[in-house]
Structure formats: C-alpha cells, structure tokens
Amino acid sequence: MHDSVIFARNVTKYIGNCLIIDHITLKIYPKDIYGLLGINGAGKTTFLRLMTGLIAPTEGEILIQGINIEKNRKKALLKMGAIVESPVFFPFMSGRKNLQNLARLNPSMSGKEQLEKVEEVLEIVGLSNRGDDKVKTYSLGMKQRLGIAQALLNNPDLIILDEPFNGLDPIGKKELRDLIVKLQNEKNITFFISSHLLDELRYLCNKFMIIHQGKMIWQGDKETLLSTTNTGNDLEEAFIQLIQNYH
Ligand SMILES: Nc1ncnc2c1ncn2[C@@H]1O[C@H](COP(=O)(O)OP(=O)(O)OP(=O)(O)O)[C@@H](O)[C@H]1O
C-alpha cells in the first residue's frame, strides 16, 4: 500500500558536472496543495521535470502513487497532469478543437465520450462560452486554464504546475487560485505548484518545501513555517529569513 501521491527519495540531479538537485526527499499526500518555493535558479523547474519523468535523476528514486517513474513511466504518469513546459496549443484552432484533438489520443474512451469529456473540462475551467474562439485570441489566464483543461482530460489524481501565476494579472491569478481550490475540493486532486512569489501561494497551499541552491532547506506545513521563524503572519519574511540564515 502506498499512502503518498509523490514520494521522492534522496533525489539528486547533476547536469554535466553541476549539482542542480542535492539529495531531496519529499512526500506529498492526497489532497495536499503543496508549494515549492525558491528564488530564481534554486532548482524548482529541474525538480518538477524530475517529478514528471522529463529527466531522470542521477541518484534516488521517484514514486508516483507507489509506481517508480523510471521503471514504469507510462503507468506512473497515467493519473498525472502537468504543465511544466508551456502547453502547446495550435493558435489558429479553437480551444475546443485543440482539446478534442488531444482527447482523441485517449483510446480508452469512445468518440462520444471524448467529446463529452471536452465539454466537461471546458465547463470546469470556465471556458465553455469561449471554446469556439481561436486560442490566439485568449488572454494568458485563459491559456493557463486551457492548459489545466488539457491536464483534466485524463481524470488526474495529481496536477503539477510550474510557476502557473507568472505574467497573470490579479484577476487571472484569482481565477486560477479559485480553480485549483475547486479541483482539490470537488475532484480530490492533489497539487504540486512552484513559485518564487510567496504571496501567490500563501492562501493556496497547506504545505511548503523551500529549496535553495538545489538543497531542501525547509519543509512542513504553513503554520509551522510561521511559528518556527516567529514572523507573525508574514510568510514572505519567514521565507527571506530562512534563505538568509542558510548562508
Ligand atoms: N540544462 C541545463 N544545463 C546546465 N545548467 C542548468 C540546466 N538546467 C538548469 N540549469 C541550472 O540549474 C539551476 C536551477 O535551474 P532551474 O531552472 O531548475 O531553477 P528555478 O528555480 O526553476 O529558477 P527560475 O525561478 O529562475 O525559473 C540554475 O542554476 C540553472 O542555470
């Protein structure tokens, strides 16, 4: 029996001679909205690429719902949706048509089921009424939500998002936050989300890991993060303190 959605054990990644991820161990449990925090260049994207099987660890192992991602990649990724590299949609095609093409790649659904699934995910992400518009007319926030719609096509248990709030205006950020909370509540989806901006994650995540120079320097729940650093309710200050004290 596995109880964690992600179990990364002692994960290390060298690129050439550079140590980019240094022996990180992490467990993420069902329905966590887990925040991965770190300043620019800390190693967030590399860590998420490891978790999604885009690159292989030099050392250590990664289990997704108990399945080793290196040994059984296809099965491990079956119930994972991820936006680590920007989702690629055909800009001159409508959002609906883009999703229909992607849904066709799922052979376990009939043609009718695929079309129904597309309508369901468009509705969930609030794009039903713009579904027939070309993707090139979408705002960045709409493109992000279309990316999440794509991730939802396979009924994932886990969604991994790399800096999903980058470039969004305050309304787009709020819509994305609300969507993530809705998916966690209503579909029991676990999230692993990176950001270098604490403000974006503070009301969203129940747990955090902070990485710095490829090392895990803190992990735990939000309340403990605030109490250990004695910063009142100031998560930003807690984050800065932990990084400064590390040196
Ligand atoms: N393919 C690569 N070859 C060499 N160095 C790399 C490669 N990919 C990443 N790095 C280095 O690894 C470190 C971590 O990069 P990464 O992109 O994972 O950080 P990040 O926390 O996502 O940063 P940002 O917030 O700026 O996106 C950086 O110093 C980067 O230059």
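So, the ring cluster: Tyr 34, Phe 47 and Phe 192 are linked by ring pairs. Rings of Phe, Tyr and Trp (its six-membered ring) pair if their centres lie within 6.5 Å; planes under 30 degrees apart are stacked, over 60 edge-to-face, and the rest tilted.

Quick housekeeping. This is a predicted model, where local features need pLDDT of at least 70 and side-chain atom pairs count only at pLDDT 80 or more, while totals for chains, interfaces and linings use all residues. Residues are numbered from 1 along each chain as its sequence is written, and side-chain values use heavy atoms, leaving out hydrogens and water.

Okay, back to the rings: the structure has two aromatic pairs. Take Tyr 34 and Phe 192: the ring centres are 5.7 Å apart and the planes sit at 80°, so that's edge-to-face. Tyr 34 is in strand S3 (residues 33-37) and Phe 192 in strand S8 (residues 190-195), so this pair ties together parts 158 residues apart in sequence. Strands, by the way, are DSSP runs (E, at least two residues), helices are runs of H or I with at least four, and both are numbered from the N terminus.

Now Phe 47 with Phe 192: edge-to-face again, 6.2 Å centre to centre, with 85° between the planes. Phe 47 belongs to helix H1 (residues 44-51) and is 145 residues from Phe 192 in strand S8.

Buried or exposed, then, Tyr 34 and Phe 192? Both are buried, meaning under 20% relative accessible area; exposed is over 50%, and partly exposed is in between (1.4 Å probe, protein chains only). Phe 47 counts as buried too, at 0% relative accessibility.
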